[in-house]
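Please have the structure open as you read.

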Amino acid sequence: MAKVGIVMGSDSDMPVMSKAADMLEKLGVDYEMTIISAHREPDVFFEYARSAEEKGFKVIIAGAGKAAHLPGMCAAIFPMPVIGIPMKTSDLGGVDSLYSIVQMPSGIPVATVAINGGANAGILAAKILATSDPELLKRLKAYSVEMKEEVEGKAEKLEKLGYREYLSQMK
């Protein structure tokens with residue numbers, strides 16, 4: 001049973017939202033992904049948000065651009081955590097999306113990650129679930145060690161090669 005619902009308003013959001021899905025897969029968390037427009041098909045959206053708890057979702061990750069109503073509306077209906085991902089937009093660079101998601105009225109919180117922060121949304125969802133899942137917590141700790149070792153490996157490579165050679169290999 002999917003524990004995380006991933007919802008986006010348009011397939012143009014897929015490159016960012018897929019990063020959340022990739023992180024959940026890496027951490028062994030089941031999810032369900034869909035595309036629903038809160039503005040263009042409100043009846044479908046309301047059914048999704050109302051039925052999410054029955055489906056077993058513990059967290060919803062909702063991505064949206066511009067007016068970015070999807071995360072906030074999910075939070076208004078779904079009784080458990082909602083993580084909003086503001087999408088970078090061509091008009092205002094995603095600041096419009098960020099403000100729309102982060103500035104929720106009192107009583108309707110949305111945890112908000114950085115503009116186009118799909119991977120962090122997936123990690124945050126896993127961390128929320130890990131509060132009651134010791135095996136998932138172990139996988140998250142292992143992921144932290146993996147990230148640390150990756151940085152240490154890069155530092156060793158830089159020390160060995162010097163910055164000019166390191167830069168030339170990055171290109």
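The briefing below goes from the overall fold to the helices and then to a few single residues.

This is a predicted model, in which local features need pLDDT of at least 70 and side-chain atom pairs count only at pLDDT 80 or more, while totals for chains, interfaces and linings use all residues. Residues are numbered from 1 along each chain as its sequence is written, and side-chain values use heavy atoms, with hydrogens and water left out. The protein has seven helices and five strands; helices (H or I, at least four residues) and strands (E, at least two) are DSSP runs, numbered from the N terminus.

**Overall fold**

- Along the sequence, the pattern reads β-α-β-α-β-α-β-α-β-α-α-α.
- Taken along the principal axes, the box filled by the C-alpha atoms is roughly 60 × 40 × 30 Å.
- The protein has 171 residues, and 38% of them count as buried. Buried means under 20% relative accessible area, exposed means over 50%, and partly exposed is in between (1.4 Å probe, protein chains only).
- Among contacts with a separation of 6 or more, 64% come from residues 24 or more positions apart. A contact here means heavy atoms within 4.5 Å.

**Helix α6 on its own**

- Helix α6 covers residues 134-161, which is 28 residues. From first C-alpha to last it reaches 41 Å, close to the 40 Å expected at 1.5 Å a residue; the expected span is 1.5 Å times one less than the number of residues.
- At the start of α6, a side-chain oxygen of Asp133 comes to within 3.2 Å of the backbone nitrogen of Glu135.
- Leu136, Leu140 and Tyr143 are the buried residues of α6. Their cover includes α1 (14-26) and α5 (118-130).
- Just after α6, Gly162 takes a positive phi of about 85°.

**How the helices pack**

- Two packed helices are described by the angle between their axes and the distance between the axes. Axes are lines fitted to C-alpha atoms, for helices over the stretch in contact, and angles run from 0 to 180 degrees between N-to-C directions.
- α5 and α6 pack at an angle of about 140°, and their axes are 8 Å apart. This makes α5 oblique to α6; angles under 35 degrees count as roughly parallel, over 145 as roughly antiparallel, 65 to 115 as roughly perpendicular and the rest as oblique. The contact is made by Ile123, Ala126, Lys127, Leu129 and Ala130 of α5 with Leu136, Leu137, Leu140 and Tyr143 of α6.
- α6 and helix α7 (residues 163-170) have axes that come within 6 Å and cross at roughly 120°, and the two are therefore oblique to each other. Here Lys154, Lys157, Leu158 and Leu161 in α6 meet Tyr163, Glu165, Tyr166 and Gln169 in α7.
- Helix α2 (residues 42-51) packs with helix α3 (residues 69-77) at about 50°, with axes 9 Å apart, so α2 is oblique to α3. Phe45, Phe46, Ala49 and Arg50 in α2 meet Leu70, Met73, Cys74 and Ile77 in α3.
- Phe45, Tyr48, Ala49 and Ser51 are buried in α2. The buried residues of α2 pack against β1 (4-8), β2 (31-35), β3 and α3.

**Single residues to look at**

- Most residues other than glycine have a negative phi, and most peptide bonds are trans.
- Lys66 has a positive phi of about 55° although it is not a glycine. Lys66 sits in the loop between β3 (59-64) and α3 and is partly exposed, with a relative accessible area of 43%.
- Asn116, also not a glycine, has a positive phi near 60°. Asn116 is found in the loop between β5 (111-112) and α5, and at 29% relative accessibility Asn116 counts as partly exposed.
- Asp22 lies in helix α1 and is partly exposed, with a relative accessible area of 44%. The C-alpha atoms of Asp22 and Gly118 are separated by 9.1 Å, although these residues are 96 residues apart along the chain.

How values were computed:
A polar contact is a pair of N or O atoms within 3.5 Å; within protein, one must be able to donate a hydrogen and the other to accept it, and residues adjacent in sequence count only if both atoms are side-chain atoms.
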